[in-house]
Structures are given as structure tokens and as C-alpha cells.
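Take a look at the model below.

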Amino acid sequence: MNPNKPSSPSDDQLRPHTYDGIQEFDKRLPNWWLFTLYATIVFWVGYWSYYEWFRIGLTGAQSVEVSMKEIEAAKLASAPAADDSSLWKMSRNSTFVDAGRVTFNTTCASCHTEKLTGAIGPNLVDKLWIHGGLPSQIHATIDKGVLAKGMPAWGPILGPKKTAEVTAYILSYHQEGEAIEKQDAWIPVAPK
Ligand code: HEC
């Protein structure tokens, strides 16, 4: 085979330039190569829209934050402490509060209403508390109930995790350090 006389298996044209005596064919890029290129362009458009344009995807920092909340929730749930500071912490954690909202709306809202403003049972979003407004006191009321007044004991029914969650949900309507006033009794009103 004569190296100076290039041969082409097809009708490929020789490109006009010569470098150091080397010439090249004007070859079409193979389909697999072109397909890969186009696929990366399509992928790029989707990826860019998802993360940078519409910002649907979480940034690294955001997904770390979400994971940290889940880890914190799992830690708190594995040992649901009923002290004031743990309950305040749970009340600022959306995983806990969301779970508590579900329990509240299915189990408690019939007497306290979904807005927590009270009907058969008292208002839970004002600063008036019959049995104490500290997180541990609210938790104890829910746990043990006020049987003589028609508030069931929820601890044995819900278990420690759900009892803590529902307490956290009520606390999510309150601020640490806010005023707490003593209420003597709640006069039941018809649910709105
Ligand atoms: C059958 C009606 C009823 C249901 C259901 C009910 N409660 Fe009550 N709840 C009451 C009544 C009545 C009182 C007032 C007790 C009293 O007068 O001492 C009360 C009181 C409370 C208090 C104390 C309020 C205060 O001012 O000290 C909390 C907290 C509470 N309920 C939370 C809950 C939670 C959480 C649930 C659901 C797991 C729930 N309740 C379900 C009737 C109910």
C-alpha cells in the first residue's frame, strides 16, 4: 500500500490542506457520536431548567438541611422526651409538626376544632390555660387527659411518639417565653 496515495473506502473528499505531508478525509461523524452529542444537549436543557431556571431541585445546602431535619426528627422520635426544651425543639421541626397536624385533625379537631380555637374542648391557641401552658404541662394534659371534664387520656391510645407530635403541633402556634395566664374553666360552645 502506498502511504502517499490515500485511498478511501467511500466517496469521502480529501480536504484541501496538507500538514507535514499529511492529508485528511472530510469524514462524516458517526451516528453514535452525533446521537451522544444531541443527547447531552437535551439533558443539559432539562438539567439547567430543573436546577437553575425553575429552581425545582434542591441545592446541596438545602438537601443537607432537609436531611438534618429528618435526622433530628428521627432522634427525637426514638426517645420522645416530654421536657420543655425537647418539645419546643420538636415544635420548630416541620416533620414533627406535620405529623402532629394529621393526628390533631383526625383525633382532636372534633372537640377543639381544626383551627384549635375551641368548641367542646378549650381554645389551644390563646394564652389561657386551665392545666398549665408549659410544653411539659400541655403534654401531661394530653397524655393523662382530664377525665372528669370529658378530655380523654390520649397517651395510651396514641403512644409516646404521636402524643409528642400532637403536643409539638399545638406548640407550633406558640412562642417560647410568651405570656401564660390561668383560666379557671372552659365553657363548652357548639363547634363552628
Ligand atoms: C371528646 C372531646 C375531646 C377530644 C376528642 C379532645 N379533647 Fe382536649 N379537651 C377536651 C375538654 C372538654 C377539655 C377541657 C378539660 C377541662 O375543662 O379541664 C380539654 C382540654 C385539653 C387541653 C388542656 C387545655 C388547657 O387549657 O389546659 C389540651 C392541651 C387538649 N385538650 C389537647 C387535646 C388533644 C391534643 C387532643 C387529641 C389527641 C384532644 N385534646 C382531644 C375535650 C376533648
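The paragraphs below start at the ligand and end in a loop.

This is a predicted model, where local features need pLDDT of at least 70, side-chain atom pairs count only at pLDDT 80 or more, and totals for chains, interfaces and linings use all residues. Residues are numbered from 1 along each chain as its sequence is written, and side-chain values use heavy atoms, with hydrogens and water left out.

Start with the iron atom of the ligand. H112 (NE2) and M151 (SD) coordinate this atom, at 2.0 to 2.2 Å. Donors here are N, O and S atoms within 2.8 Å of the metal (3.2 Å for Na, K and Ca). Ideal angles for six octahedral donors are 90 or 180 degrees.

Where do H112 and M151 sit in the chain? H112 belongs to helix 4 (residues 94–112), while M151 lies in the loop between helix 5 (135–144) and helix 6 (155–171). The two are 39 residues apart, and the pair links distant parts of the chain. Helices are DSSP runs (H or I, at least four residues), as are strands (E, at least two), numbered from the N terminus.

Is H112 buried or exposed? H112 is buried, with a relative accessible area of 10%. M151 also counts as buried, at 19%. Buried means under 20% relative accessible area, exposed over 50%, and partly exposed in between (1.4 Å probe, protein chains only).

Now widen the view. There are 24 residues around the ligand, and C108, C111, H112, H131 and M151 come nearest. A residue is near if one of its heavy atoms lies within 4 Å. Helix 4, helix 5 and helix 6 each supply at least two residues of this shell. Helix 4 gives the largest share, five residues.

Polar contacts come next (pairs of N or O atoms within 3.5 Å). A polar side-chain atom of H131 is 2.6 Å from an oxygen atom of the ligand. A polar backbone atom of I130 lies 2.8 Å from an oxygen atom of the ligand.

Finish in the loop between helix 4 and strand 1 (128–129), where K115 is found. K115 counts as exposed, at 66% relative accessibility. G121 is found in the loop between helix 4 and strand 1 too. G121, however, counts as buried, at 9%.

Methods:
Polar contact = N/O pair within 3.5 Å; in protein donor to acceptor, adjacent residues only side chain to side chain.
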